[in-house]
Amino acid sequence: MKAWFAIPLWQRVIGALILGILTGWFWGPGAESIKIIGDIFIAFIKMLVVPLIFFSLVAGVASIGDLRKLGSVGWRALLLFVVSGQIAVWLGLGLGTFMQPGAGLDASSMSLDTAALERAQTRADQGVTFQNMILEMVPSSPVQVMADVNVLPLIIFSLLLGIGILMAKEEGEPVLKIFESGSVVMQKVTMIVMELTPFGVFALMAWVAGTLGLDALAALGKLVVLNYVGCLLIIGLIYAGMIKFIARLPVIDFFRGITDAIAVSYSTASSNATLPVTLRCAERNLGISNSVASFVISLGATINMNGTAMYLGLATLFGAQVFGVDLTWGDYFLISILGTLGAIGAAGIPGAGLIMMVLVFGQVGVPLETIALVAGIDRIMDMMRTTTNVSGDAAVATTVASLTNEIDRAEMISADDV
């Protein structure tokens, strides 16, 4: 047992991925008999969605502090987080639309839970108007919303509750502590569930390989490539443009300054684990003041997940293409909102992207079997998404510090020579 846990989780997952593919290849369609192990893993992931989003979002919003005291730093950081998140999710939607990673993969032989497909058909038959979308966002009963796992109104309620705690000031602090503790507890529970990943990945990949064969592996390989392309575009265009044109600082010096954070984030796939390194890079290498770095980067580790937002858009289209779900422009708009908000609600730990998929897929009628398809390769993609998220935290902190004159430009440029 100790030898098992001594192996890093990502190595166990990769090993299970390879073993699952080989098992499915030799076993063939009979590998479906062990799919129940993967179904249990997916059920645990679904179990986490409501409490994780609820506690994380409320704690994230409420921990911002007094918005009036934050002044120029707070609103600039939040604006950059939201705008870059929207651009990221639309980038994922664009890559999914034009590159069609799931096209040509015949999933008719897979046993599906048809509830999601029926919801998608109902939405298509009824037509989705802008007015209906807005009305569906209002949580008429928070308890019912949680019971039905109706995530969009749950997000709205969580945001309102977090703002309410902010407005209550000192009287709201006891409630804030409850949600902060709840957020930490749910992250620990998530880590427990993530320990089941190797077993779930083995069963699911054996099922996928045995049922769909090499076509599935080719489609998944294309999804991995697009995930890396999307993340590199976010880093090379959005973040570099932010540093060059808004902060007016040298791009090469910025990326040199966060090299350590990039290395740690890629290896751990955890924004939270990388947080101390990112803070050190921001203050020592980029010359950002402690007050700005600690606030923006700590907040960003909670709510700034552009790599995750991009991937949620891309993965949703992948699932829609595989299972033949027709998405309208209204669905695209809904995905863009859910992708951004889902990234905000995602915990800064490995595997959080899988949990947020439940949020988006269920709202636009994409079958949750898509998670079964991508679970085996998620760790490979998660490493790059986390690097993107952490780089974004540093980019926003640098830009805000530059706009508010809270950065030592000379120290940033000379840090490379030390």
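The largest nonpolar core of this predicted model has 107 residues, and those with the most contacts inside it are Ile288, Val296, Met357, Leu373 and Val374. A nonpolar core is here a set of buried Ala, Val, Leu, Ile, Met, Phe, Trp, Tyr and Cys residues joined through side-chain atoms within 4.5 Å, where buried stands for under 20% relative accessible area, exposed for over 50% and partly exposed for what lies in between, taken with a 1.4 Å probe on protein chains only. Helix 11 gives this core its largest share, 13 residues. Apart from it there is a second, separate core of ten residues, including Ala59, Ala62, Ile165 and Leu176. In soluble globular proteins, nonpolar side chains tend to be buried together.

Because the model is predicted, local features need pLDDT of at least 70 and side-chain atom pairs count only at pLDDT 80 or more, while totals for chains, interfaces and linings use all residues. Residues are numbered from 1 along each chain as its sequence is written, and side-chain values use heavy atoms, with hydrogens and water left out.

The protein chain as a whole can be described next. Its secondary structure comes to 21 helices and zero strands, helices being DSSP runs of H or I with at least four residues and strands runs of E with at least two, numbered from the N terminus. Of the 418 residues of the protein chain, 55% count as buried. Among contacts in the protein chain with a separation of 6 or more, 85% are made by residues 24 or more positions apart, a contact being heavy atoms within 4.5 Å.

Two packed helices are described by the angle between their axes and the distance between the axes. For helix 11 (residues 214-246) and helix 20 (residues 378-403), the axes come within 10 Å and cross at roughly 10 degrees; axes are lines fitted to C-alpha atoms, for helices over the stretch in contact, with angles from 0 to 180 degrees between N-to-C directions. The two helices are therefore roughly parallel to each other, since angles under 35 degrees count as roughly parallel, over 145 as roughly antiparallel, 65 to 115 as roughly perpendicular and the rest as oblique. On the side of helix 11 the residues that meet helix 20 include Leu223, Tyr228, Ile235 and Ile246, and on the side of helix 20 they include Ile380, Arg385, Gly392 and Leu403. By class, this contact has 17 nonpolar, six polar and one charged residues, with Ala, Val, Leu, Ile, Met, Phe, Trp, Tyr, Cys and Pro taken as nonpolar, Asp, Glu, Lys and Arg as charged, and the others, Gly among them, as polar.

Charged side chains also meet one another in this model. Side chains of opposite charge can pair when their charged atoms come close. With a salt bridge defined as a side-chain nitrogen of Lys or Arg within 4 Å of a carboxyl oxygen of Asp or Glu, the count comes to six salt bridges. In one of them arginine 12 pairs with glutamate 195, the closest N and O atoms being 2.8 Å apart. This pair links distant parts of the chain, 183 residues apart, with arginine 12 in helix 2 (residues 9-27) and glutamate 195 in the loop between helix 9 (173-194) and helix 10 (197-212). Arginine 12 counts as buried at 7% relative accessibility, whereas glutamate 195 is partly exposed at 25%.

Other salt bridges lie within a helix. Lysine 35 and aspartate 39 meet at 2.9 Å, N to O, and both belong to helix 3 (residues 35-62), four residues apart, about one turn of the helix. Lysine 35 is buried, with a relative accessible area of 9%, while aspartate 39 counts as partly exposed at 34%. Arginine 256 and aspartate 253 are joined at 3.9 Å, N to O, and lie three residues apart in helix 12 (residues 251-257). Finally, Asp378, Asp382 and Arg385 are linked in a network of salt bridges.

The loops deserve a look as well. Glycine 287, in the loop between helix 14 (271-285) and helix 15 (290-303), is buried at 7% relative accessible area. Arginine 248, in the loop between helix 11 and helix 12, has a positive phi near 55 degrees although the residue is not a glycine, and it counts as exposed at 65% relative accessibility.
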